[in-house]
Amino acid sequence: MRETNFIIENNARHLWHPMAHPAEMQANPPRIINSGEGVEIVDIHGQKVLDAVGGLWNVNLGYSCEPVKKAIRDQLDELPYYSTFRGTTNSPLIELSYELAEWFKPDGLSRSFFTSGGSDSVETCLRLARQFHKVNGQPERTKFVALKKGYHGTHFGGASVNGNQNFRRNYEPLLPGVIHLPAPFPYRNPFNTTDGAEIAAAIGRLFEDEIAFQGADTIAALIVEPVLGAGGVIVPHETFLPLMREICDRHGILLIADEVITAFGRTGAWTGSRLWGVQPDMMSTAKAITNGYFPFGAVMISDKVAQVFESNKSAVGSIGHGYTYSGHPVGAAAALATLKETKRLNVADNAAARGEELLAGLKKLQDKHELVGDVRGKGLMCALELVSDRAKKSGAAKDVIQKVQDATYDAGVLVRTSGANVIMSPPLIVTAENVQTILTALDAGL
Ligand code: PLP
């Protein structure tokens, strides 16, 4: 590898980063991560920190997962690529579709369609939802309903259902016919209440009202994250998703669960849908499906949706959608090994137990530091919302948030910031001791 200065200088010169201003690279360069082991990463200056971001909500099994690394190496030797477009496919992918059908059986999902990541998976769900209604004889059902503060990736479809202006404004016009409902967010909502059940019911009424106004026969699907991640870890009340499911069912609207973050144990349940006792019609997954070691995703499809496609032999049922890397054999091998390790290590239970410890510790930090306005979490997805004034709930200044992140890093832990939120999504293999390390560093940072 080239020397440190060459790497740092050329980052600013040649590289544009996602979710960053290109002009920011000189003044506020990113941390350059050179290696990882277990739950720790080492930067270009040799500083070792605990990765409380877990890569990007995806390195659930940490950086030393040998079975996944070996599966990738072996598959590269055996068959490094082959297309899965009509006419060809590959064996690890077929085995994976079997394993995923087993994995998602409790969610009522039995068919899979493969992608190269989360945005692809969301796009696939949106397209298949529209096509489902065309195949089903209701071609006018084209609109989508989503939540404010929801995050669904960055393709045009995903950006159109995103509920954060930062991912929309500079790319408009986006898809027409998208309706956004308020997020089920006790800390900030338009209903003047902090009661989660009341908020859920109020959103349900707004959803019904929109359905009446738009016409149920114009709406294709509702897309939701079971726990909203990038929007600041917003945990809905337990009644929320069942209510959304019930309303969708009554009006023939598909329910898409965007589980790009939540599908493999992060919330402490094996899927976010299962956490709330709901079966979606489609589910987008990616990220931890390969432990983050290979770009890959899967859309899971329910029997109900599958049967409509499979029983219609006309051209409208043919899937005119897919990617060169849909079902990459190396990704499939990585996913097979990841699923096996994920199950063997029972990481969902660890996420639930460690998540409770982390949340309890964060609440103590809230008692101690005025800067912390709100604390939220489910399993190993947690957030602190930083405020400059608790009573007014005004967001902390950008430089204050940056200082918290930097000081926490100096104390040995990398956390992520998004707006005024400090987000934690460590690998699901963290120990109780690791959780204490995160809390101690954050305390210092705050
Ligand atoms: N959907 C959700 C819920 C996500 O959190 C993300 C990414 O964080 C995406 C979709 C997009 O995934 P990707 O960045 O892999 O395209």
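Colleague: Where in the chain is confidence lowest, and where is it highest?
Modeller: This is a predicted model. Confidence is lowest in helix α1, residues 4-14, with a mean of 88. The highest value, 99, belongs to strand β8, residues 254-258.

Colleague: What does the chain average?
Modeller: The average pLDDT of the chain is 97. A score of at least 70 is reached by 100% of the residues.

Colleague: And what are the ipTM and pTM?
Modeller: The model has an ipTM of 0.99 and a pTM of 0.98.

Colleague: Turning to the ligand, how many residues surround it?
Modeller: The ligand is surrounded by 14 residues. The closest are Gly117, Gly118, Ser119, Gly153 and Val260.

Colleague: Which element gives the largest share of that shell?
Modeller: Helix α5, residues 118-135, supplies the largest share, with three residues.

Colleague: What is the shell made of, by class?
Modeller: Six residues of the shell around the ligand are nonpolar, six are polar and two are charged.

Colleague: Now the helices. How do α4 and α11 cross?
Modeller: The axes of helix α4, residues 91-103, and helix α11, residues 329-344, come within 9 Å and cross at roughly 35°.

Colleague: Is that crossing left-handed or right-handed?
Modeller: The crossing of α4 and α11 is left-handed.

Colleague: Which residues make the contact?
Modeller: On α4, the contact is made by Pro92, Leu93, Glu95, Leu96, Glu99 and Trp103. On α11, Pro329, Ala332, Ala333, Ala335, Leu336 and Leu339 take part.

Colleague: How many of them are nonpolar, polar or charged?
Modeller: The contact of α4 with α11 has ten nonpolar residues and two charged residues, with no polar ones.

Definitions and conventions:
Residues are numbered from 1 along each chain as its sequence is written. This is a predicted model: local features need pLDDT of at least 70, side-chain atom pairs count only at pLDDT 80 or more; totals for chains, interfaces and linings use all residues. A residue is near a molecule or strand if its C-beta atom, placed from the backbone, lies within 6 Å of it. Helices (H or I, at least four residues) and strands (E, at least two) are DSSP runs, numbered from the N terminus. Ala, Val, Leu, Ile, Met, Phe, Trp, Tyr, Cys and Pro count as nonpolar, Asp, Glu, Lys and Arg as charged, and the others, Gly among them, as polar. Axes are lines fitted to C-alpha atoms, for helices over the stretch in contact, and angles run from 0 to 180 degrees between N-to-C directions. A crossing is left-handed if the near helix is turned anticlockwise from the far one by less than a right angle, and right-handed if clockwise. Two residues are in contact if their C-beta atoms, placed from the backbone, lie within 7 Å. pLDDT is the predictor's confidence in each residue, from 0 to 100.
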